[in-house]
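My entries follow in the order in which I made them.

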Amino acid sequence: MKTPLLTCLLAFGCQAALTAQQLKAPESLRPSTTPVLPAPAQTQSTEAVDKLAEEAQKALFQSVDKSGGGAATTTSGATNRTYAPYASSTPMRMPVQRAEDPGLWAKDSVHKLAVMEVAFGGARETVMIELFPNSAPQTVNNFMDLCDSGFYNGLAFHRAIEGFLVQTGDPLTSDESARLKWGTGGEDKTIPAEIKLPLRVGTVAMARRSDKVNPERRSNGSQFFVTLGNYGALEGKYTAFGQVVSGLETFKRISLMPVDANDCPVARIEIKSVKVITQKGPMQLPAISAGEGRRYIKPDAARGMVGRFFHHIW
């Protein structure tokens, strides 16, 4: 009697196992190339998220300032480095402001452009910066004088932080053996603060020392930086005087280069020349596609005689 009952139970168990193997797994357990995340119980507006991010970032920068980092200076031994503030290691989402398209400038418009040649990685790249003399006249005049005198030629980028900024303009960077002092030069002259323009990605602004030693927020005589993001805590504290209108991707690549403990690129990245020109009307089109951004053709006024000749016959 026990044997037939045991046989029946074994047969029933095998049938159940076979049936279970033929069942399809629930869709929620299947792997998917596009994971679906559960919706949050409560969503916040973009404005609210931006506000929270900016407040959190400001708190971070203030804590760095109190600990001795400063809004524009970092102390390493007896060395005071003139900077813009330090970036958070975690990128924060900031609202993006769109710069005016240079290809759409009015035909009768006149713009001041700084055309910069940068050498790194065995290549030369051109960056163009629109200057704003109406908003920061003293700063722009000082910058133009330095460009015309060849002051920036041969100087290196001494600070590069991904997603935050790149910085250059320290005269001490002409001497490779003085790396430990890079970031401290240019303080023999300062420029009165002209803090009027808002920041955006690609803004060019002057570096300065911290509020503790520089309550008037006077700018360094030559050092400047280019914002690449996460700039909320810098807003209203630094003199902005220009905007990158072509070649921003060059600065982004510089920010990705390997750096040392002072955020200084290990390999030398150098300004070869900066020439200020007057651009009448829109930038020449078509724009040349280059990665994330657009590179406009270098104006004839920024070329030498030979360069203009080959540009027109090529």
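**Entry 1: Glu270**

The model is predicted: local features need pLDDT of at least 70, side-chain atom pairs count only at pLDDT 80 or more, and totals for chains, interfaces and linings use all residues. Residues are numbered from 1 along each chain as its sequence is written, and side-chain values use heavy atoms, with hydrogens and water left out.

I placed Glu270 in strand β12, residues 270-280. Helices (H or I, at least four residues) and strands (E, at least two) are DSSP runs, numbered from the N terminus. The side chain of Glu270 makes a polar contact of 2.9 Å with that of Lys272. A polar contact is a pair of N or O atoms within 3.5 Å; within protein, one must be able to donate a hydrogen and the other to accept it, and residues adjacent in sequence count only if both atoms are side-chain atoms. Not counting residues up to four places away in sequence, I noted that Glu270 touches Glu117, Val118, Ala119, Gly154, Leu155 and Ala156; contact means heavy atoms within 4.5 Å.

**Entry 2: The chain and its confidence**

I recorded 314 residues in the chain, of which 42% count as buried. The chain holds five helices and 14 strands. Of its contacts with a separation of 6 or more, 73% come from residues 24 or more positions apart.

The mean pLDDT is 76, and 59% of the residues reach 70 or more; pLDDT is the predictor's confidence in each residue, from 0 to 100. I marked residues 14-44, where pLDDT stays under 50 and the model has four contacts beyond four places in sequence. I also marked residues 88-97, where pLDDT stays under 50 and such contacts number 21.

**Entry 3: Strand β8**

In a regular strand the side chains alternate between the two faces of the sheet. I checked both faces of β8 (residues 203-206): Thr203 and Ala205 on one side, and Val204 and Met206 on the other, are all buried.

Which strands pair with β8? I found β11 (residues 240-246), antiparallel over three bridges, and β10 (residues 224-227), antiparallel over three bridges. Two strands pair if DSSP finds at least two bridges between them. Ala205 stands opposite Ala240 in β11, and its bridge partner in β10 is Phe225.

**Entry 4: Arg208**

Arg208 lies in the loop between β8 and β9 (219-220). Is Arg208 buried or exposed? At 1% relative accessibility, Arg208 counts as buried. Its side chain makes a polar contact of 2.9 Å with the side chain of Asp211 and reaches the backbone oxygen of Lys237 at 2.8 Å.

**Entry 5: Nonpolar cores**

I found 32 residues in the largest nonpolar core, where Met116, Leu131, Tyr152, Phe157, Phe241, Phe251 and Ile254 have the most contacts inside it. A nonpolar core is a set of buried Ala, Val, Leu, Ile, Met, Phe, Trp, Tyr and Cys residues joined through side-chain atoms within 4.5 Å. Elements that each supply at least two residues of this core include β3 (110-120), β4 (123-131), α3 (137-148) and α4 (248-254). Helix α3 gives the most, with five residues. A second, separate core of eleven residues includes Ile161, Leu165, Tyr231 and Leu234.

**Entry 6: Aromatic rings**

I counted seven aromatic pairs in the structure. Rings of Phe, Tyr and Trp (its six-membered ring) pair if their centres lie within 6.5 Å; planes under 30 degrees apart count as stacked, over 60 as edge-to-face and the rest as tilted. The ring centres of Phe143 and Tyr152 are 5.5 Å apart with planes at 40°, so this pair is tilted. Both Phe143 and Tyr152 are buried. For Phe143 and Phe224 the centres are 5.6 Å apart and the planes at 85°, so this pair is edge-to-face. Phe143 lies in helix α3 and Phe224 in strand β10, so the pair ties together parts that are 81 residues apart in sequence. I noted one aromatic cluster formed by Phe143, Phe151, Tyr152, Phe224 and Phe241.

**Entry 7: Asn142**

I found Asn142 in helix α3. Its side chain reaches the backbone oxygen of Gly221 at 2.9 Å.

Key: Buried means under 20% relative accessible area, exposed over 50%, partly exposed in between (1.4 Å probe, protein chains only).
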